[in-house]
Amino acid sequence: MGNSCAKGSEHKTFKWTIDGFSSLLDKGAGWTCSSVFEFMGMIWCLKLNPKDRRRNDAKEHVSLKLKLMGTSMKPDTIIEASFKFLIYDQSFGRHREHLGNHSFQTASTTSGSSCMIPLKKLKTSGFLVNNSCTFGIEFIKVATVKTSSPLETLFVTKMNVFNEAKVYTWEIEDYFALKNPSYSPKFEVGGYRWFIKMYPTSEGNHLSLFLITKQRNDLPKDSGNLVEFTISIKDLENGKDKKSTGRFHFSNNATSLGWRKFISLEDFKHKSKGYLIKGKCCIEAKVAIVGLSKTVVSEIRES
């Protein structure tokens with residue numbers, strides 16, 4: 001792989017040549033990072049996925065992302081950037097470009113992906129020559145903005161005694177008789193009461209699942225627990241459960257976390273998946289309290 005930079009009075013272009021592109025294709029989908037480069041006093045890198053997929057699109061695309069390295073970020077700063085992703089046609093001296101923009105901040109250091117070209121088309125075009133491709137990014141504008149938005153800090157106190165995860169199983173005898181929403185029986189973990197909330201039909205074609213807690217009244221304001229949990233739909237025939245994991249500060253002000261689109265109803269009801277057998281299904285929640293936690297919100301002033 002090779003990199004080069006060209007800087008003018010306003011714009012800066014970073015080029016990234018990948019010699020042996022087929023080696024990335026052999027690895028399959030996944031993001032590969034370029035070396036880092038500097039612009040406007042900040043450190044960046046380009047990311048490439050040779051087999052990206054758009055939502056509801058079976059075609060594989062070559063996609064690019066821009067990442068601002070975390071060492072360049074400050075909690076009270078937003079970096080507003082506009083740029084062009086580039087892929088170069090080596091046969092005709094042209095390039096294909098996608099315009100992008102992103103507000104880079106400590107909680108969002110990577111731009112959205114831009115599908116540059118279908119992989120099938122890349123293989124039969126001048127963009128891929130002698131197993132080599134050249135990508136790039138051209139910065140149009142980068143501006144640093146101070147923010148006066150609140151800054152939330154999460155403090156976590158590790159528990160002296162290791163709190164093992166507990167598993168609760170909600171066995172549903174007749175899924176089609178459930179109300180929208182429906183609730184599991186309550187169960188206890190770490191001295192707190194919990195339950196699972198399900199929307200059998202969410203946004204028309206998905207099943208939603210959430211973990212809910214009933215916090216104690218004796219907790220100070222903004223105090224709670226940092227909780228790691230996994231919600232699963234059990235595969236009753238093949239053992240290939242559908243699961244998602246989250247980590248969240250549960251408090252009296254934040255009692256619920258989950259997934260609106262946990263699984264599509266098409267997949268959930270498909271006979272080969274084993275999630276729904278003659279109206280029966282099984283939902284499992286694995287819950288562990290990582291430690292006591294507290295959030296402190298402070299105002300960041302513009303300088």
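**Cysteines and strands**

Analyst: Happy to. In this predicted model, the sulfur of Cys281 lies 7.7 Å from the closest cysteine sulfur, that of Cys282, which is too far for a bond. A disulfide needs the two sulfur atoms within 2.5 Å.

User: Why is Cys281 called buried?

Analyst: Buried means under 20% relative accessible area. Cys281 has 3% relative accessibility, so Cys281 counts as buried.

User: And what makes Cys115 buried or exposed?

Analyst: The relative accessible area of Cys115 is 11%. The cut-off for buried is under 20%, so Cys115 is buried.

User: Let's turn to strand β16. Why is strand β16 described as largely enclosed by the rest of the structure?

Analyst: Strand β16 covers residues 206-214, and eight of its nine residues are buried, so the strand is largely enclosed.

User: How do you know that β15 and β16 pair?

Analyst: Pairing takes at least two bridges between the strands. Strand β15 (residues 192-202) and β16 have eight, in the antiparallel sense, so they count as paired. Tyr199, for example, has Ser208 in β16 as its bridge partner. The two strands form a hairpin with three residues between them, and Glu203 in the turn has a positive phi of about 55°.

User: What makes β16 and β19 a pair?

Analyst: Six bridges join β16 to strand β19 (residues 256-264), and at least two are needed, so these antiparallel strands pair as well. Here Leu209 stands opposite Trp259 in β19.

Notes. Residues numbered from 1 in each chain as written. Predicted model: local features only at pLDDT ≥ 70, side-chain atom pairs only at ≥ 80, totals over all residues. Heavy atoms only, no water. Buried < 20%, exposed > 50% of the residue type's maximum accessible area, 1.4 Å probe, protein only. Helix = DSSP H or I, 4+ residues; strand = E, 2+ residues; numbered from the N terminus.
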